[in-house]
Amino acid sequence: MSTLAVVLGVAFVAGSFIFTDMLKGSFEGIVRGSVADVEVQPRTDVAVTGSDTDDPLISSDMVAKINAVPGVTRAVGVITATGVYAVGSNGKALASFGPPQLGMAWTTLPAYGGQPGIVLRSGHEPRADDQIVVDPSTLEKSGYRLGDQMRVVTPDKGTIRATLVGTATWGTGGTAGASYIFFTPSRAQALLINRTGADRNAWTGVSVQTDPGADRDSVAQAINGFLPSNFKATNGATIADRVSSQINDSLKYVNTFLLIFAGISLVVAAFLILNTFSILIAQRSGELALYRAIGASRKQLRNSVLVEAAVVGLAGSALGVLAGIGVAQLIKTFMTMAGFDLGVTSIRVPPRAVVFSVIVGLTVTLTAALLPAQRATRVPPV
């Protein structure tokens with residue numbers, strides 16, 4: 001029972017670290033796969049002036065000018081918009097609380113450092129304006145199959161119909177609960193740009209692939225030299241690091257929430273270990289007295305109890321780490337059933353999960369057994 005108590009407590013500790021590491025890896029896969037070597041995006045560090053609060057656009061002429069910058073291999077205009085919902089076969093919009101529903105233009109540009117950008121999972125890319133590609137989770141939840149007609153709700157152009165021709169995700173990560181709908185670039189411009197009198201050949205941003213060995217900060221600085229004041233070019237690594245840092249800060253709350261349950265379990269385990277060893281010492285009073293009579297010291301009696309506790313703690317901690325993998329897998333399964341695809345096929349156990357779990361399990365066990373061990377030293381040799 002004492003070992004089982006340690007196993008349960010350590011399982012929550014190990015499971016929390018394994019699961020948050022899994023989440024971190026999934027988000028980093030998405031972030032790294034969706035950022036190019038250099039990204040041209042609307043600035044967020046300037047105040048909105050005047051009555052025009054529409055999202056800024058960048059012209060195709062500007063994209064061509066970026067393509068001519070030394071060190072640029074290829075620059076492509078991109079379009080990304082939120083509030084684009086797929087409608088399932090039951091007639092209901094596939095919405096979720098929290099993660100965004102995104103519509104975007106299909107692009108073959110690689111991500112930062114030549115990593116995979118948009119990765120086709122099945123079917124083929126949208127080749128005509130009446131075709132779309134969605135993420136695998138959306139396809140599964142929709143009740144449709146490739147080749148079927150799907151309705152899509154757009155923010156400003158109402159509901160349209162398109163043929164499902166494939167599934168895709170960003171980078172090596174999953175969707176983390178978000179949904180992706182990819183259109184051809186021309187279709188994305190027609191559906192997702194909403195500005196009166198706007199150039200329909202405009203974009204919401206530009207992704208830039210740099211030459212091998214080119215200094216990305218220098219390329220970004222050169223592009224900033226002629227960009228409109230409401231746009232800014234940034235090294236993709238800077239953007240990825242910033243977003244990853246924000247995600248890691250958010251995941252700390254998830255880890256804390258799970259560790260609360262671990263703490264409760266370990267407190268219960270400590271009381272159970274304390275009671276168990278107290279009973280054992282009482283039952284062994286005759287044996288301990290005989291040890292004293294043949295010359296055993298108080299220290300030897302105390303250490304014998306602590307060694308036994310250490311065996312319980314180590315065994316429980318080892319089993320707890322294995323159980324923690326199961327806890328993480330269980331949470332992942334429930335999240336996948338809820339449509340939160342992590343894009344993780346195998347669970348990786350970070351070294352800190354093993355080390356910290358064993359230290360916690362062993363410390364709790366030895367601390368709880370310390371009082372009974374001290375009582376064992378008071379048994380008289382009679």
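Buried means a relative accessible area under 20%, exposed means over 50%, and partly exposed lies in between (1.4 Å probe, protein chains only). By that definition Arg284 is partly exposed, with a relative accessible area of 26%. This is a predicted model, in which local features need pLDDT of at least 70 and side-chain atom pairs count only at pLDDT 80 or more, while totals for chains, interfaces and linings use all residues. Residues are numbered from 1 along each chain as its sequence is written, and side-chain values use heavy atoms, with hydrogens and water left out. Helices (H or I, at least four residues) and strands (E, at least two) are DSSP runs, numbered from the N terminus.

**Salt bridges**

- A salt bridge is a side-chain nitrogen of Lys or Arg within 4 Å of a carboxyl oxygen of Asp or Glu; a search of the whole structure finds 4 of them.
- One of these joins Asp21 and Arg348, whose closest N and O atoms are 2.7 Å apart. Asp21 lies in helix α1 and Arg348 in the loop between α8 (298-337) and α9 (351-376), so the pair ties together parts that are 327 residues apart in sequence. Asp21 is buried at a relative accessible area of 16%, whereas Arg348 is exposed at 51%.
- Arg216 and Asp37 meet through their side chains in a salt bridge of 3.4 Å, N to O. This pair links distant parts of the chain, 179 residues apart: Arg216 is in helix α5 (residues 216-224) and Asp37 in the loop between α1 and β1 (38-42). Arg216 counts as partly exposed at 23% relative accessibility, and Asp37 as buried at 4%.
- Glu308 forms a salt bridge with Arg284, with 2.8 Å between the closest N and O atoms. The pair links distant parts of the chain, with Glu308 in helix α8 and Arg284 in the loop between α6 and α7 (285-293), 24 residues apart. Glu308 counts as partly exposed at 27% relative accessibility.

**Helix packing**

- Helix α1 (residues 2-33) packs with helix α6 (residues 236-283) at an angle of about 175 degrees, and their axes are 7 Å apart. Axes are lines fitted to C-alpha atoms, for helices over the stretch in contact, and angles run from 0 to 180 degrees between N-to-C directions.
- The two helices, α1 and α6, are therefore roughly antiparallel to each other, a term that applies to angles over 145 degrees.
- In the contact of α1 with α6, the residues divide into 24 nonpolar, 9 polar and 4 charged. Here Ala, Val, Leu, Ile, Met, Phe, Trp, Tyr, Cys and Pro count as nonpolar, Asp, Glu, Lys and Arg as charged, and the others, Gly among them, as polar.

**Strand β10 and its partners**

- In strand β10 (residues 159-170), 10 of the 12 residues are buried, so the strand is largely enclosed by the rest of the structure.
- Two strands pair if DSSP finds at least two bridges between them. Strand β7 (residues 118-123) runs antiparallel to β10 and is joined to it by 5 bridges; Gly123 has Gly166 as its bridge partner in β10.
- Strand β8 (residues 131-134) runs parallel to β10, with 4 bridges between them; Gln131 stands opposite Thr163.
- Strand β9 (residues 149-153) pairs with β10 in the antiparallel sense over 5 bridges, and Met150 has Ala162 as its bridge partner.
- A hairpin is formed by β9 and β10 with 5 residues between them, and Gly158 in the turn has a positive phi of about 75 degrees.

**The four-stranded open sheet**

- This open sheet of 4 strands has the order β3-β13-β1-β14 and antiparallel pairing. β3 (72-78) and β14 (231-235) stand at the edges with a single partner strand each, so one side of each is left without a neighbour in the sheet.
- From one strand to the next, the twist averages 20 degrees.
- Strand β13 (residues 205-210) pairs with β1 over 3 bridges in the antiparallel sense, and Val40 has Val206 as its bridge partner in β13.

**Val153**

- Val153 lies in strand β9 and counts as partly exposed at 27% relative accessibility.
- Contact means heavy atoms within 4.5 Å. Leaving aside neighbours within four places in sequence, Val153 is in contact with Gly83, Val84, Tyr85, Val87, Gly158 and Thr159.

Methods. Parallel < 35°, antiparallel > 145°, perpendicular 65-115°, else oblique.
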